[in-house]
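Here is a short briefing on one protein chain. Look at the sequence and the structure before reading on.

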Amino acid sequence: MTSAPYDSENGPLVALKILVAGGFGVGKTTMVGSVSEIRPLRTEEVLTDASTGIDDIQGVESKSTTTVAMDFGRITFPDGIALYLFGTPGQERFWFMWDELSNGAIGAVVLADTRRLTASFASIDYFERRNTPFVVAVNCFEGARRHTVEKIRTALDIDPDVPIVLCDVRQRDSAKQVLITLVEHALRADAVADAHPGMQRSLRRSDLAPGAQ
């Protein structure tokens with residue numbers, strides 16, 4: 001097994017920026033951490049009484065921390081492709097940061113929780129308005145009721161060409177599949193069509209760079 005090729009001065013031959021968005025407590029920080037080959041950068045703070053009445057924690061009452069800026073991670077694929085992951089804050093009071101974080105992104109993962117689908121509406125609306133390719137990744141929490149992809153698509157009112165993936169972001173392979181689906185979707189949308197001629201083949205290979213294991 002060989003590591004992915006790097007330019008001696010500029011790092012990976014192809015670097016792609018991806019956003020991981022969604023409502024409060026849907027698993028964004030968990031997804032970035034589970035798939036990143038490096039120790040992820042996190043900006044989590046403990047929830048305090050100051051957030052009472054501001055942050056909606058219905059359905060995630062046990063959550064004790066929240067992302068206040070972003071999460072950051074990286075995963076490297078063969079042939080010099082690196083995905084840089086930026087997890088966005090989910091609370092409405094931090095939405096002003098989304099414009100800055102979305103600059104240069106080729107696409108986004110919108111994480112959804114079937115117990116609180118309405119928490120995904122803001123992210124979906126945001127990327128639809130910006131014509132940013134995105135996929136909806138339904139994080140299958142334990143104890144949550146399972147729904148078909150068709151029912152989820154209807155409930156979220158998203159276009160038929162937007163991929164919906166059922167996943168468990170705690171599992172690295174599951175989170176990786178979400179990212180592969182997004183990049184393939186972005187390729188079809190011409191967002192990264194010229195970035196790398198063998199990108200789809202490379203993403204489908206199982207021999208990730210050693211650092212990504």
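Predicted model: local features only at pLDDT ≥ 70, side-chain atom pairs only at ≥ 80, totals over all residues.

Residues are numbered from 1 along each chain as its sequence is written, and side-chain values use heavy atoms, with hydrogens and water left out.

**Overall make-up**

- The chain has six helices and ten strands. These are DSSP runs, numbered from the N terminus: helices are H or I with at least four residues, strands are E with at least two.
- Of the 213 residues, 52% are buried. Buried means under 20% relative accessible area, exposed means over 50%, and partly exposed lies in between, with a 1.4 Å probe and protein chains only.
- Among contacts with a separation of 6 or more, 74% join residues 24 or more positions apart. Contact means heavy atoms within 4.5 Å.

**Nonpolar cores**

- The largest nonpolar core holds 28 residues, and Ile18, Met31, Leu83, Val109, Leu111, Val178 and Leu179 touch the most other members. Such a core is a set of buried Ala, Val, Leu, Ile, Met, Phe, Trp, Tyr and Cys residues joined through side-chain atoms within 4.5 Å.
- Elements giving two or more residues to this core include β3 (14–22), α1 (28–35), β8 (105–112), β9 (134–139) and α5 (172–188).
- α5 supplies the largest share of this core, seven residues.
- A second, separate core has 20 residues, including Trp98, Phe127, Val138 and Ile158.
- Val178 is in contact with Met31, Val109, Val135, Ala137, Val165 and Cys167, leaving aside neighbours within four places in sequence.

**Helices α1 and α5**

- α1 is mostly covered, with six of its eight residues buried. Those residues are Lys28, Thr29, Met31, Val32, Ser34 and Val35.
- α1 and α5 pack at an angle of about 100°, with axes 9 Å apart. Axes are lines fitted to C-alpha atoms, for helices over the stretch in contact, and angles run from 0 to 180 degrees between N-to-C directions.
- The two helices, α1 and α5, are therefore roughly perpendicular. Angles of 65 to 115 degrees count as roughly perpendicular, under 35 as roughly parallel, over 145 as roughly antiparallel, and the rest as oblique.
- Met31, Ser34 and Val35 of α1 meet Arg172, Ala175, Lys176, Val178 and Leu179 of α5.
- The residues of this contact divide into five nonpolar, one polar and two charged. Here Ala, Val, Leu, Ile, Met, Phe, Trp, Tyr, Cys and Pro count as nonpolar, Asp, Glu, Lys and Arg as charged, and the others, Gly among them, as polar.

**Cysteines**

- The whole structure contains zero disulfides. A disulfide is a pair of cysteine sulfur atoms within 2.5 Å.
- Cys140 is in no disulfide, and its nearest cysteine sulfur, that of Cys167, is 6.3 Å away. That distance is too far for a bond.
- Cys167 is buried, with a relative accessible area of 4%.

- Val138 is in strand β9. Val138 counts as buried at 2% relative accessibility.
- Val138 touches Ala112, Thr114, Ile152, Ile164, Val165, Leu166 and Cys167, not counting residues up to four places away in sequence.
- Val138 and Val110 lie 28 residues apart in sequence and 8.3 Å apart in space, C-alpha to C-alpha.
- Ser120 sits in the loop between β8 and α3 (121–129). Ser120 is buried, with a relative accessible area of 1%.
- Ser120 is in contact with Val110, Leu111, Ala112 and Leu156, leaving aside its neighbours within four places in sequence.
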